[in-house]
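Please read the following account alongside the sequence and the model. It goes through helix packing, a strand pair and charged side chains in turn.

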Amino acid sequence: MARTGLAGAARVARWADAALGPGRDSATTDGKATLSDATAERAAADLGLSAAQIRADWDTARLAGLVEVHGDSARPGWRLRAWDRDDSAVLRGWVALFDAWSLACPEPDGHEPAAVAEVVSAMPQLLSFLQLSAGPVPVEQLLDLLQQRVTELRTERCEVSYEPGTGQPAGPPAPAAPGADAPLAPLLDWALRALASVGALTYGDGQATLTPLGSWAVWVKLEQICVAAQSPAGNIEQSAEDMLRGCAQLRPNAARAEYRAWLAARPVGGAVTQLVDAARGDDALLRGLAFEALRVVGAPAEPDVRAVVDEPALRPYALLWLAEHDGVDPEDAHEVLTREEATWLWVDTAAAVADHGEAPMLVRHLESAVQPTVPRLLDEVRAVGHPRTVQVLVALAAAHPDPALAKAVRRAAFQVHTGG
């Protein structure tokens, strides 16, 4: 159903991918991959559709993430790239369209923005009721429920006024004025038509019914709320960096549960951006944990991970993430790294252990180096140019029980420190 509902959007997105873009012979005259009037007419001619249908499908493609618009240019979204091989990408695209139902159809004219916002805020409860009903629901019943929910929302916004100088309430709170007298029936009609336009429900003959796809989407949303409510370590409200710090001492399975809860509570795009920003920080432990959290995100994180491949501090992590995402066995993923990249990653991981672990862990970390001997490792560590090299070597020298090896490591640290 999701593929069928998004087929038109995918067709226009593929056409744009092939026909538009700076530097291509078939680009628009201004060299921008935008849907100008001329572009819409050209797409209509190429695809045998009306310009109006092209624009509608283009808007759907944008809302579903099949096309990503950046300023005056557009590029294919990751969901379009994964369209033929990944059913979950198609479902995620439809869920994105479902989430944006209020943008799919313009609201009717002449209504207060506050009233429109109230109806949008109230619709999740109506959708949950439709799912529980598991069949047609009369619009009159939905209107009653909407009026109750809007009244609750207005009551929650009440402000209590106080008598000057007394500190005592002047009287019972009054609902906020904006939109208070707005008729809700036309707005409910708009909301149901908009949700029908994205395939979430059927609407007609005075009743509404969730489609199987709409029922599944509501169930997914409820499941996300339940997952978020079960945050085992209580970090769900924290920033990405603080959440990762809170997960540092958790076992892998518990940490992944915390990542899932944190991700379920926020839009995936913003969550991925926060995680990547945390990975760019100075704390090597957070860098590794951020990419573990990105593994939980999965395919939606792919564009952001690819975008940081050229950043030296993130490159080894990104290459390993992409290799695993492409199906490489995690035990073999390290083979995608060059010797220099593997050495850089070894130093970065050693920095995390030195900052947050115990001395025996740092000593055991020697065994994970790709170099066959310690002298060879020291030579390549000195050459790789990691900013924490000196601190790592000093910590390793202090932790290692072999005096001769510790002396060699200290000498290497001194040479790096003095530029030798």
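Ala19 lies in helix α2, residues 7-19; helices here are DSSP runs of H or I with at least four residues, strands are runs of E with at least two, and both are numbered from the N terminus. The model is predicted, so local features need pLDDT of at least 70 and side-chain atom pairs count only at pLDDT 80 or more, while totals for chains, interfaces and linings use all residues. Residues are numbered from 1 along each chain as its sequence is written, and side-chain values use heavy atoms, with hydrogens and water left out.

Ala19 has a relative accessible area of 7% and is therefore buried (buried means under 20% relative accessible area, exposed over 50%, partly exposed in between, with a 1.4 Å probe and protein chains only). Its C-alpha atom is separated by 9.8 Å from that of Arg42, a residue 23 positions away along the chain.

Two packed helices are described by the angle between their axes and the distance between the axes. The axes of α2 and helix α3 (residues 37-47) cross at roughly 110 degrees and come within 11 Å. This makes α2 roughly perpendicular to α3. Axes are lines fitted to C-alpha atoms, for helices over the stretch in contact, and angles run from 0 to 180 degrees between N-to-C directions; under 35 degrees counts as roughly parallel, over 145 as roughly antiparallel, 65 to 115 as roughly perpendicular and the rest as oblique. On the α2 side the contact is made by Arg11, Val12, Trp15 and Ala19, and on the α3 side by Thr39, Arg42, Ala43, Asp46 and Leu47, where contact means heavy atoms within 4.5 Å.

Leu201 stands opposite Leu210 in β5. The two strands β4 and β5 form a hairpin with two residues between them, and Asp205 in the turn has a positive phi of about 55 degrees.

Side chains of opposite charge can pair when their charged atoms come close. The whole structure holds 21 salt bridges, each a side-chain nitrogen of Lys or Arg within 4 Å of a carboxyl oxygen of Asp or Glu. Arg315 forms one with Glu341, and the closest N and O atoms are 2.6 Å apart. Because Arg315 lies in helix α17 (residues 315-325) and Glu341 in helix α18, the pair ties together parts that are 26 residues apart in sequence. Arg315 is partly exposed at 28% relative accessible area, whereas Glu341 is buried at 12%.

Helix α18 also supplies Arg339, which forms a salt bridge with Glu380, the closest N and O atoms being 3.1 Å apart. Arg339 is partly exposed, with a relative accessible area of 37%, and Glu380 is buried, with 17%. Glu380 also meets Arg376 in a salt bridge of 3.0 Å, N to O. Glu380 and Arg376 are four residues apart in α20, which means that about one helical turn separates them.

Methods. Pairing = 2+ DSSP bridges.
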